[in-house]
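Please keep the sequence and the coordinates in view while reading.

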Amino acid sequence: KHNGFVNVYSEEKKGSTFNVFFPVLDKDMQETKEETPGFQGGNEHVFVIDDEPSLLKSLQEILEKLGYRVTTSQATSKALKEIQSHSGKYDLIVTDQTMPDMTGLELAKAVKKINNDIPIILISGFNENINEKELKQAGIIRYLAKPVGAAKLDRAIRSVIDGNHQK
């Protein structure tokens, strides 16, 4: 009735993720980040990589509403080409872990060979036994478990970006 939908992603012996999407009211779309209490937002350029179109769109809408400039990609190969072509364009990369061509960890390692200075946040829908050593070796600064809400994502992005500006 509300024109929403449910997205289900499941992997055997790993678990399932259920994402429930509801349409946004026009009034909410007109809010600015200043009108959203508890959110800092920013104007940095964030590159989001996720193979699931509905999740990618959702992350893009959240980030744009918070004031960020957002570029997205569903394919890791296209994302790597984009990063290589425009190495200094992005302030942050947010990537999913489980993707068909390569994992988020593998993508992060490839990105770091192109631009070692770009911070990376890894998001995963499953408890994938990723340890801190693997994250550090891949150059990942922050790990978030799905589902990731706007407030959690905003805090993670601000802490990563603000932490890098202090280095």
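**Confidence, sheet and core**

Confidence in the chain is highest in strand 3, at 97, and lowest in helix 1 (residues 26-29), at a mean of 48. These values are pLDDT, the predictor's confidence in each residue, from 0 to 100; helices (H or I, at least four residues) and strands (E, at least two) are DSSP runs, numbered from the N terminus. This is a predicted model, in which local features need pLDDT of at least 70 and side-chain atom pairs count only at pLDDT 80 or more, whereas totals for chains, interfaces and linings use all residues. Residues are numbered from 1 along each chain as its sequence is written, and side-chain values use heavy atoms, with hydrogens and water left out. The mean pLDDT of the chain is 83, and 84% of its residues reach 70 or more. Over residues 27-36 pLDDT stays under 50, and for this stretch the model has 12 contacts beyond four places in sequence, a contact being heavy atoms within 4.5 Å.

The chain contains an open sheet of 5 strands in the order 4-3-5-6-7, with parallel pairing. Two strands pair if DSSP finds at least two bridges between them. Strand 4 (69-73) and strand 7 (140-145) each have a single partner strand and stand at the edges, so one side of each is left without a neighbour in the sheet. On average, neighbouring strands of this sheet are turned by 20° against each other, direction ignored. Such angles run from 0 to 180 degrees between N-to-C directions, and the axes are lines fitted to C-alpha atoms, for helices over the stretch in contact. Within the sheet, strand 3 and strand 5 run parallel and are joined by 4 bridges; Val 48 has Val 94 in strand 5 as its bridge partner.

Helices pack against these strands. Helix 2 lies across strand 3 and strand 4, and runs at about 170° to strand 4. Helix 4 (residues 104-114) also packs on the sheet, where it touches strand 3, strand 5, strand 6 and strand 7; its direction makes about 170° with that of strand 6.

In soluble globular proteins, nonpolar side chains tend to be buried together. A nonpolar core is here a set of buried Ala, Val, Leu, Ile, Met, Phe, Trp, Tyr and Cys residues joined through side-chain atoms within 4.5 Å; buried means under 20% relative accessible area, exposed over 50%, and partly exposed in between (1.4 Å probe, protein chains only). The largest nonpolar core has 20 residues, and those with the most contacts inside it are Val 48, Leu 63, Leu 92, Ile 121, Leu 153 and Ile 157. Two or more residues come from each of strand 3 (45-49), helix 2 (53-65), strand 5 (92-96), strand 6 (120-124) and helix 6 (150-165). Helix 6 gives the most to this core, with 5 residues. Apart from it lies another core, of 19 residues, among them Ile 49, Ala 79, Met 99 and Ala 138.

Individual residues show how these parts meet. Not counting residues up to four places away in sequence, Val 48 touches Leu 56, Leu 59, Leu 63, Val 70, Thr 71, Thr 72, Ser 73 and Val 94. Ile 161 lies in helix 6 and is buried, with a relative accessible area of 2%.

Aromatic rings of Phe, Tyr and Trp (its six-membered ring) pair if their centres lie within 6.5 Å; planes under 30 degrees apart count as stacked, over 60 as edge-to-face and the rest as tilted. By this rule there is 1 aromatic pair. Phe 47 and Tyr 90 form a stacked pair, at 4.7 Å centre to centre and with 25° between the planes. Phe 47 lies in strand 3 and Tyr 90 in the loop between helix 3 (76-85) and strand 5, so the pair ties together parts that are 43 residues apart in sequence. Phe 47 counts as buried at 1% relative accessibility, as does Tyr 90 at 4%.

Strand 1 (residues 5-11) and strand 2 (residues 15-21) run antiparallel and are joined by 7 bridges. They form a hairpin with 3 residues between them, and Lys 13 in the turn has a positive phi of about 65°. Lys 13 counts as exposed, at 83% relative accessibility. Most residues other than glycine have a negative phi, and most peptide bonds are trans. A further backbone exception is the peptide bond from Lys 146 to Pro 147, which is cis, with omega near 0°; Pro 147 is found in the loop between strand 7 and helix 6.
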